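Biologist: I've got the model open and I'd like to learn how to read its sheet and helix packing. Can we walk through it together?

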Amino acid sequence: MNENPSLCVLVTAIGSFSADRVIRELHDAGIRVIGCDIYPRQWIANSSLVDVFYHVALAHSKEYEIQLREIIQEEHVDYIFPLTDIEVDVLNGLRGTLESVVCISGADTIRVCRDKWKTFQILVPKFEKYLIPTRLLSNIKIDGLEYPVICKPINGRSSSGLFIAHNVRDFQYYRSTITDGDRYCVQPKIEGTVVTVDIVRSEWNDECVAIPRREFLRTPNGAGVSVEIFQNDILCELAKNIASELNINGCVNFEFIETPSHEYRFLECNPRFSGGISFSCIAGYNFVMNHLKCFLHESIDSQPRTRDMFIVKKYNEYVMD
């Protein structure tokens, strides 16, 4: 893609883990970057990186929609990169009513990916052996249930609302606290290492690139801070096939469990940049700019041959005037 300073991209939630890399790659391509966040400028280090910063309301509020439309009009925003699940949900409902292009997968794809039960139902016919058996909590009979099990909201994010039942007493207690069993799913707890696969797929020509990493240290919200980039052609091909089945467009991330016997079990699709997208960019593929190419209808760069490597994240301090 040619450098185009006339392009303007609004990046939301610039305090999130992926924001620094997203902003820097866009700027390196000569693109004007507008940033927004629910916290004030002085609280967000990345606010010093964007060309213009806006302090906005919570994404699910009516005020947020009003502010978003004002920002788009004032800054002549061409494209929007939402970085959190809740903003993906909100912008999925607003697409087509905004003057800017929302850079996420199609509306139906987002609705499926943001619902773990729907995702399971879509994938099970072709990928059953790679999935974790999943049932709705409302359909569970305690008799015969093997523990431990994981219960989580079908539209959960960052492990919010997730609980592990180690025995029938745990399960009965947690079940008593949930009012709508159709909004929770239950899975056996699979031991192993979390593997995140960053994926970018172009819907219009089915080009797809995947880079996997094992995540050894993670924050409580599931963001990797100590990872290993590794080669696995079989896993990459599996991820690409799942991306095609879900009709992914742009960059998303898949999470798998790698069992001690090196089998892979699909956990979920997060239909946005992963918190560790910078790891994959360091490994040799610019997911940020190739994400944008998917919405410019340009061919994405081909799959690189990355080398195995360990990458760790550290934190820095900044004085915000």
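Biologist: In which order do the five strands sit in the open sheet?

Modeller: Strands here are DSSP E runs of at least two residues, and helices are H or I runs of at least four, both numbered from the N terminus. Two strands pair if DSSP finds at least two bridges between them. In this predicted model, the five strands make an open sheet ordered 3-2-1-4-5, with parallel pairing. Local features need pLDDT of at least 70, side-chain atom pairs count only at pLDDT 80 or more, and totals for chains, interfaces and linings use all residues. Residues are numbered from 1 along each chain as its sequence is written, and side-chain values use heavy atoms, leaving out hydrogens and water.

Biologist: Which strands stand at the edges?

Modeller: Strand 3 (52–55) and strand 5 (101–102); each has a single partner strand, so one side of each lacks a neighbour in the sheet. Strand 3 runs parallel to strand 2 (residues 32–37), joined by four bridges, and D37 sits opposite H55 in strand 3.

Biologist: At what angle do helix 2 and helix 3 pack?

Modeller: Axes are lines fitted to C-alpha atoms, for helices over the stretch in contact, and angles run from 0 to 180 degrees between N-to-C directions. Helix 2 (residues 62–75) packs on helix 3 (residues 85–94) at about 70°, axes 12 Å apart. That makes the two roughly perpendicular (65 to 115 degrees).

Biologist: Which residues of helix 2 and helix 3 meet?

Modeller: Contact means heavy atoms within 4.5 Å. Y64, E65, L68 and R69 in helix 2 meet E87, V90, L91 and L94 in helix 3.

Key:
Parallel < 35°, antiparallel > 145°, perpendicular 65-115°, else oblique.
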